[in-house]
Amino acid sequence: ALLTINNGTKIDSIYSDYQGTFKYYIDPNKDYKVDINAYNFFGTDLEFNTDNMVPGVVDYLVQLYSLDAGSRIELKNIYYDLARWEIRPDAAKELDKLVSVLKEYPDLQIRLESHTDSRGADDFNMELSQKRSNSAFNYLVSKGINPDRVEHVGLGESQLVNKCDDGINCTEEEHAQNRRTVVEILKAKVTRRSKGNIFYF
């Protein structure tokens with residue numbers, strides 16, 4: 001994997017070893033952003049700061065998802081305003097990552113799934129998720145992605161990932177787990193499914 005590490009003062013690029021592990025010295029009282037990419041994987045990033053950090057070893061586990069057929073990748077930070085479906089700037093940044101992947105791997109065909117939490121009527125949530133999925137699809141197309149490569153569907157509240165169904169008292173964080181956008185790889189140059197790798201630093 002290739003890591004690009006930015007602390008606001010300098011940018012370094014390093015490679016992990018064959019097991020996906022790597023070491024890097026981090027300075028105190030700095031904000032860090034790390035972009036992580038590997039061939040045939042959907043890249044990710046993480047941000048952290050070292051304010052008031054006690055000297056020692058800090059371990060992070062980072063999971064990358066393969067771009068093989070059958071993989072399901074949950075996009076981070078695809079947020080929408082309440083009961084709306086327009087793509088916000090913070091969501092656009094994550095969709096731009098997907099655009100880059102689709103351009104780098106022209107054999108990929110994907111399915112976009114939009115999910116809601118259980119609050120609100122079932123039919124309203126189904127329609128809302130379909131509008132959100134359509135917005136994400138239109139965004140990809142506007143960036144030059146062939147629409148034939150992208151299926152899109154809204155699934156409303158039909159596939160909750162936790163207990164937070166109608167009538168169940170849940171926290172906002174628990175409801176947020178259900179408001180998600182998932183990319184399924186339908187077709188790829190590599191047709192077998194690989195397990196996601198975990199990288200350590």
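Author: What follows looks at helix 2 and then at the chain around it. This is a predicted model, in which local features need pLDDT of at least 70 and side-chain atom pairs count only at pLDDT 80 or more, while totals for chains, interfaces and linings use all residues. Residues are numbered from 1 along each chain as its sequence is written, and side-chain values use heavy atoms, with hydrogens and water left out.

The protein chain holds 3 helices and 11 strands, where helices (H or I, at least four residues) and strands (E, at least two) are DSSP runs numbered from the N terminus. Their order from the N terminus is β-β-β-β-β-β-β-α-β-α-β-α-β-β.

An α-helix has 3.6 residues a turn, so residues three or four places apart point the same way. Just after helix 2, glycine 144 adopts a positive phi of about 100°.

Leu140 also belongs to the largest nonpolar core, which has 25 residues and in which Leu67, Leu98, Leu108, Ile110, Leu112, Leu140 and Ile185 have the most contacts; a nonpolar core is a set of buried Ala, Val, Leu, Ile, Met, Phe, Trp, Tyr and Cys residues joined through side-chain atoms within 4.5 Å. At least two residues of this core come from each of strand 7 (72-75), helix 1, strand 8, helix 2 and strand 10 (180-187), and helix 1 gives the largest share, with 7 residues. A second, separate core of 14 residues includes Phe22, Tyr32, Phe48 and Leu64. In soluble globular proteins, nonpolar side chains tend to be buried together.

Elsewhere, asparagine 178 lies in helix 3 (residues 172-178) and counts as buried because its relative accessibility is 0%. Leaving out residues up to four places away in sequence, asparagine 178 has contacts (heavy atoms within 4.5 Å) with His115, Thr116, Asp117, Leu160, Val161, Asn162 and Cys164.

Note on methods:
Expected span 1.5 Å × (residues − 1). Buried < 20%, exposed > 50% of the residue type's maximum accessible area, 1.4 Å probe, protein only.
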